[in-house]
Amino acid sequence: MKLVQDPAIAKKIRKMQQRVCWQDSLILERNIDQTRLVLDDGQADERDFSFLVVGDSGSGRHKGHNPQRQVAELMLPHHQECRFLLHTGDVIYLVGSSEYYRQNFIQPYRELLVGGEQPKKVAYDEMVFKLPVFPVPGNHDYYELPLLLSLLSVSTLPMRYILRSRLNIDIGLHGSGVGNAYAKAFLDYLQRFNLPGELPRHLDQHYTATTDTGRALVYQPGYFTRLPNRYYTFRYGGIDFFALDSNTFNQPQPLPKTKKGDSDRQILASRQQDLEREKMEIIESAAKLNGDNPNEAEQLDDFHYKLSQIEEIIVDIDKQLNTDQAPQTDTEQLDWLKHRLIASWHNPEVRGRVIYFHHPPYVTEATKWQQAQTLVIRSRLRGVLDAVAQEIGALNQGRPLVDLVLNGHAHCLEYLQTVDTGHADANINWLVCGGSGYSLRRQRTEGGDLTETFGTGERLIARSHLFLGRNGQGSQKRRPYSCVRIDVKGDERPQFIIRPLVAEWYQRQWHNYELTPLIL
């Protein structure tokens with residue numbers, strides 16, 4: 001029994017374009033750039049600034065504790081000093097449903113919101129942020145419920161009780177609507193303007209900033225806090241930030257129609273069947289436990305951890321088995337990134353570049369490091385950066401094309417650096433911030449060095465310098481949930497000071513601390 005269903009890439013793109021009236025004639029005649037926003041906070045020209053990063057946060061309460069709320073409280077002392085918060089995706093688990101926005105986002109992050117002191121009165125599709133929040137969609141923000149599970153979720157069958165009450169899996173009556181809940185929560189949902197004159201008035205009121213790429217949406221904290229699109233860019237303190245939707249360029253290549261391809265397909269199908277059996281065994285075992293008993297609650301948490309791991313692997317196998325032709329790829333978005341990076345390097349006002357999106361190209365978390373999605377995202381991003389490097393020549397003077405890449409998806413906090421990869425993604429800093437609330441994962445047993453096959457051998461391509469995730473066993477098990485504060489310093493070439501903030505659940509108590517800052 002599948003717990004989630006991932007819609008086709010073409011459907012994701014089409015639905016999201018409809019919601020923002022992509023390239024509507026009224027937008028074109030006003031020369032509006034639907035991928036650009038301007039943060040109007042009166043401080044965007046200051047060179048030194050700070051911001052916060054969270055990711056994979058969107059869970060509800062666990063048995064006896066609420067990790068997401070603990071992480072939100074870690075950030076409270078930093079709200080006044082930080083200009084905005086970046087979210088690396090998976091805002092709402094398990095399937096991005098609008099039913100869970102109040103419980104899994106509004107309630108834990110209430111201090112960020114206008115009217116947040118009364119969270120029950122804040123509608124998910126009318127949120128206004130006091131501290132700017134700039135998310136990207138994660139895979140769970142697009143997921144749907146399979147038909148069978150939808151039927152179970154509205155029934156009174158024991159399975160519903162097992163899934164929702166025993167294992168704390170946030171399954172309601174429906175899924176995300178192919179990202180519809182995310183779009184209504186965060187995007188400027190232009191499709192809702194269907195009366196004569198409504199859309200023109202809205203565009204003339206909120207798309208008023210003049211930029212080098214056309215008119216842009218003005219993001220006004222405390223008043224109007226919508227994003228123009230699922231991928232977008234903004235400039236702050238001389239840094240260009242590029243937010244991507246990696247859910248539309250993560251489709252693996254099809255398995256070749258050869259003997260080896262057929263063999264790989266059989267191996268994957270067999271593994272998928274084994275995982276499905278293991279999943280049902282976990283559900284059956286969980287049904288026998290009492291969540292009110294502290295020891296059994298720990299077991300339920302472990303079951304939840306294992307179940308979420310298995311489901312992620314099954315989805316990745318599905319993407320490989322169900323791909324029998326050239327993969328769907330959001331070439332429009334990738335071309336946009338290429339051209340905007342080239343323009344950024346030609347702009348003397350820009351001193352640095354940050355890209356953030358959900359799926360990490362480099363990671364050593366046990367379930368993600370060799371997933372097909374991880375490898376194809378790496379390949380897609382390399383293609384873009386290689387094209388940028390060829391176009392700009394020596395303009396970067398040996399600097400990496402991007403100063404920092406931020407990701408989620410892997411439920412951990414990890415800092416890696418690429419070495420000579422043979423591509424333009426060499427010598428880049430990669431920060432995975434995906435441990436802000438959902439079930440944490442362990443590092444792979446192979447360690448922190450990532451290699452690739454090159455010729456007849458292997459060569460090092462990236463090295464992990466920090467990994468913070470689930471560790472220890474039994475009574476010594478530690479669950480360090482995290483977020484980061486990033487301070488931007490310097491002038492011509494910026495310096496990024498990464499300050500990890502940690503709320504660790506250990507022996508049924510919370511322990512809050514900061515790690516030694518990383519200076520990049």
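How many helices and strands does the secondary structure of the protein come to? In this predicted model, the count is 12 helices and 18 strands.

The overall form comes next. For a chain of 520 residues, a compact globule would have a radius of gyration near 24 Å, and the protein agrees with that, since its own value is 22 Å. The C-alpha trace spans about 60 × 60 × 45 Å along its principal axes. Buried residues make up 60% of the 520. The accessible surface comes to about 20,700 Å², and carbon and sulfur atoms account for 48% of that surface.

One example of sequence distance against distance in space is given by A10 and R230: 220 residues separate them along the chain, yet from C-alpha to C-alpha they are 14 Å apart. A10 belongs to helix α1. With a relative accessible area of 38%, A10 is partly exposed.

Why is helix α3 described as largely enclosed by the rest of the structure? The helix runs over residues 67-75, and eight of its nine residues are buried, so the rest of the structure largely encloses it. Those buried residues are P67, Q68, R69, Q70, V71, A72, L74 and M75. Their cover includes the strands β2 (49-54) and β3 (85-87), the helix α4 (101-106), and the strands β15 (478-489), β16 (495-506) and β17 (509-514).

Aromatic rings are another feature to follow, and the structure holds 30 aromatic pairs. In one of them, the rings of F105 and F129 have centres 6.2 Å apart and planes at 85°, so this pair is edge-to-face. F105 sits in helix α4, whereas F129 sits in the loop between α4 and β4 (133-135), 24 residues away, and the pair links these distant parts of the chain. Both F105 and F129 are buried. The pair of Y232 and Y356 is also edge-to-face, because the ring centres are 6.5 Å apart and the planes stand at 85°. Y232 is in strand β7 (residues 232-236) and Y356 is in strand β9 (residues 352-356), so the pair ties together parts 124 residues apart in sequence. Y232 is buried, with a relative accessible area of 0%, and Y356 counts as buried at 1%. Elsewhere, ring pairs link F49, F51, F84, F134, Y219, F234, Y236 and F241 into a cluster.

Some details of the backbone remain. Buried means under 20% relative accessible area, so C21, at 17%, counts as buried. V178 is not a glycine either, and its phi is near 55°, a positive value. V178 is found in the loop between α6 (158-166) and α7 (180-186), and at 6% relative accessibility V178 counts as buried. Finally, the peptide bond that joins Y93 and L94 is cis, with omega about 5°. L94 is in the loop between β3 and α4.

How values were computed:
Residues are numbered from 1 along each chain as its sequence is written. This is a predicted model: local features need pLDDT of at least 70, side-chain atom pairs count only at pLDDT 80 or more; totals for chains, interfaces and linings use all residues. Side-chain values use heavy atoms; hydrogens and water are left out. Buried means under 20% relative accessible area, exposed over 50%, partly exposed in between (1.4 Å probe, protein chains only). Helices (H or I, at least four residues) and strands (E, at least two) are DSSP runs, numbered from the N terminus. Contact means heavy atoms within 4.5 Å. The radius of gyration is taken over C-alpha atoms; the globule rule is 2.2 Å times the number of residues to the power 0.38. Accessible areas come from the Shrake-Rupley method with a 1.4 Å probe; for residues, only the protein chains shown count as cover. Rings of Phe, Tyr and Trp (its six-membered ring) pair if their centres lie within 6.5 Å; planes under 30 degrees apart count as stacked, over 60 as edge-to-face and the rest as tilted.
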